[in-house]
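Reader: I am new to this structure and would be grateful for a close look at its salt bridges. Please describe the residues that take part and their surroundings.

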Amino acid sequence: MQAIRLARPRVSLRRLATIAQVPTSGPSSVAASVIPLSNVEAQWENISKSEQAVVHRQLEELQKKDWKTLSLDEKKAAYYVAFGPHGPRAPVSPPGQGFKVFLGTMGLVGVAGLLTLAIRSQSPPPPKTITREWEEASNQRALEQKSNPITGISSEGYSGKGYVVSK
């Protein structure tokens, strides 16, 4: 227990209180902005986090007023700070990434097609048992042997194709 007390950094409560204090933005500090509110969109990513917090607090104070008295630039700045493409709303992928994914997918589909053609060109010819002549001969043999006489090929009034499945 003594080792934990010695290892813990000591900070006075007075120092914590001065660090934790956040400067309040009164009506006089609203006029003095870090950046012009008409240019928030262009400079938001370039300013520091503390300056962003100051601008955010200023805009919160402005939004407490009547919205009809706000200028168009103040409304745009408030919307951008609240819903702009920064922080958690930042785009996950950069612009043009969808086209790269599409090209990559089409390239892989093309490679797969070429691989299929290459494999088929090296394969042996199909077996002789799947030709139309062989299937018709199988039908004749089934009729000669009276195969499946109740519902099959040798039944009375059978109108199916039998063993012929190729075109």
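Author: Lys-64 is exposed, with a relative accessible area of 65%. In this predicted model, Lys-64 forms a salt bridge with Glu-61, and the closest N and O atoms of the pair are 3.4 Å apart. Glu-61 has a relative accessibility of 28% and is therefore classed as partly exposed, since that class covers values between the limits of 20% and 50%. Lys-64, at 65%, falls in the exposed class because the limit for that class is over 50%.

The count of salt bridges comes to two. Besides the pair of Glu-61 and Lys-64, there is a salt bridge between the side chains of Arg-132 and Glu-136, with an N to O distance of 3.4 Å. Both Arg-132 and Glu-136 belong to helix α8, where they are four residues apart, about one turn of the helix. Arg-132 is partly exposed, its relative accessible area being 37%, and Glu-136 is likewise partly exposed, at 38%.

Helix α8 spans 132-144, and the segment after it contains Lys-146. Asn-148 is also found in the segment after α8. Most residues other than glycine have a negative phi. Lys-146, although not a glycine, has a positive phi of about 55°, and Asn-148, again not a glycine, has a positive phi of about 55°. As to accessibility, Lys-146 is exposed, with a relative accessible area of 62%, whereas Asn-148 is partly exposed, at 42%.

Conventions: Residues numbered from 1 in each chain as written. Predicted model: local features only at pLDDT ≥ 70, side-chain atom pairs only at ≥ 80, totals over all residues. Heavy atoms only, no water. Helix = DSSP H or I, 4+ residues; strand = E, 2+ residues; numbered from the N terminus. Buried < 20%, exposed > 50% of the residue type's maximum accessible area, 1.4 Å probe, protein only. Salt bridge = Lys/Arg side-chain N within 4 Å of Asp/Glu carboxyl O.
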